[in-house]
Amino acid sequence: MFRWFVLLLALASCDSPLPDPPDTEAATLPLLAPDRTVGLTLYGSADLDALEAPARARVDEAVAAGLGGFSFYVDWADLEATEGVYTLDAFTATLDALQALGLAPFVNLTIGDSEGYNLPPGLGDGEGGIADGVALDDPEVIERFGRVLDRVVPVLVARGGFALGLGNEMGEYLDPSRREREAYAAFVEAGRERVHAMEPRLAVGVTLTAGAVRNQTATYRAMRAVTDHIAVNYAPIAPDFLVLDAGDIREDYRDVMATYGDGPILIQELTCPSPESMGASEAWQAGCYERLFQEIEADPRVRFASVFTLQDFDVETCAIVREALFGDELDDLPREVAERLADYLCGLGVLRPDGSPKPAWPVVVGAL
């Protein structure tokens, strides 16, 4: 089942003092350029060789204009499908391609994401959960993951990596269960310590939704206490998947970012959709990015912001998305909201499916 509600704003807030984040060298992002880096994201990967010529030409245009980074995702099972057997060739090739373009990678090793846990066979149940009898804070599980990090970290740092995420939008799974949240926090903390033993300058964190950050949810608070940074995915949309009025974007963005205090701020996904069913349009999308980049330019706390995403899905891929979405049980989601969700997932790009630029593209290039 697609976990649609992780994209909604968290409703609960907490008034008790926030826990202090760890005091680490990595928290200052020393491996990232000292001013500000704007990045780009592809859906689910960074395989630039898979892009058709028009879209790849736009990437090269962005690089020439000053594109400095890239955020992408890789699952634990993609690196270790069988215990003790490591497959880093594709991961390394992706990093090599980004390095050749001078792009600093922010990699999220997605232990879990908005659809559940992404664990290797034997640890995961194959349905987004954890296998019976498995706990992430089990020393054997932590050590097994540590051996993956032993291989990933040197490869990432040697190719200009500045941050490593250990999970993306896991609030739905962690907020309701203190036990599961504590296990995840212990797993992340152990991972951070393992990484810092090899490279104390590499920032280790998790990525959460804007709602989780804004409302300082239980997961936000738990992750803040064990990470160098909390990255955020930001999109100016309401819980019913209608976009905010253009005049409300700045206030909404500032409200989320106020949580960070002195920063620094990492925006893993900066998103302005264009589907008309959401109340958006290609013109609204361009205006949205213009407003957000003005906010980012004026805020020295923002060290990295990655545009999500490069290109809309084509008709065939979008049909697959819709089939998967509506093939699941979405008992609590009204049909019209589910339709907008499907449109949202298909219409996030700043390029159309054929690679031609939307009006938002020159805004992004201009920001670079």
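A residue is called buried here when its relative accessible area is under 20%, exposed when that area is over 50%, and partly exposed in between, using a 1.4 Å probe and protein chains only. At 2% relative accessibility, Thr-227 therefore counts as buried. This is a predicted model, so a few ground rules apply: local features need pLDDT of at least 70, side-chain atom pairs count only at pLDDT 80 or more, and totals for chains, interfaces and linings use all residues. Residues are numbered from 1 along each chain as its sequence is written, and side-chain values use heavy atoms, with hydrogens and water left out.

First, the overall build. The protein chain holds 13 helices and ten strands; these are DSSP runs numbered from the N terminus, with helices (H or I) of at least four residues and strands (E) of at least two. Of its 368 residues, 55% count as buried. A compact globule with 368 residues would have a radius of gyration near 21 Å, and the 19 Å of the protein chain agrees with that. For this comparison, the radius is taken over C-alpha atoms, and the globule rule is 2.2 Å times the number of residues to the power 0.38. Along the principal axes, the C-alpha atoms fill a box of roughly 50 × 45 × 40 Å.

Next comes the inside of the protein. A nonpolar core is a set of buried Ala, Val, Leu, Ile, Met, Phe, Trp, Tyr and Cys residues joined through side-chain atoms within 4.5 Å. The largest such core has 106 residues, and Trp-76, Phe-91, Leu-109, Tyr-184 and Ile-267 have the most contacts inside it. Helix H4 (residues 139–158) supplies the largest share of this core, eight residues. Another core, of eleven residues, lies apart from it and includes Leu-29, Ala-104, Ala-163 and Phe-304. As for Trp-76, its contacts beyond four places in sequence include Leu-109, Ile-111, Pro-120, Val-141, Phe-145 and Phe-187.

Leu-166 gives a look at one strand. It sits in strand S6 (residues 163–168) and is buried, with a relative accessible area of 0%. Setting aside residues up to four places away in sequence, Leu-166 touches Asn-108, Leu-109, Ile-111, Phe-145, Tyr-184, Val-188, Gly-191, Val-204, Gly-205 and Val-206.

Beyond its neighbours within four places in sequence, Thr-227 is in contact with Pro-21, Pro-22, Val-188, Arg-192, Val-204, Gly-205 and Val-206.

Helix H9 (residues 249–257) has Ile-249, Asp-252, Tyr-253, Val-256 and Met-257 buried. Seen down the axis of H9, its buried residues fall within an arc of 130 degrees, so they line one face of the helix; the arc is that of the directions from the helix axis to the C-beta atoms. The packing partners of these buried residues are helix H7 (210–214), strand S8 (229–234), S9, H10 and strand S10 (302–308).

Finally, the cysteines. A search of the whole structure turns up two disulfides, each being a pair of cysteine sulfur atoms within 2.5 Å. One joins Cys-272 to Cys-288, at an S to S distance of 2.0 Å. This pair links distant parts of the chain, 16 residues apart: Cys-272 is in the loop between strand S9 (265–270) and helix H10 (282–297), and Cys-288 is in helix H10. The torsion about their S-S bond is about -65 degrees, so the disulfide is left-handed. Cys-272 is buried, at 0% relative accessible area, and Cys-288 also counts as buried, at 0%.

The other disulfide joins Cys-318 to Cys-346, with S to S again listed at 2.0 Å. Cys-318 lies in helix H11 (residues 315–326) and Cys-346 in helix H12 (residues 335–346), 28 residues apart. With 100 degrees about the S-S bond, the link of Cys-318 and Cys-346 is right-handed, and both cysteines are buried.

Conventions: Contact means heavy atoms within 4.5 Å.
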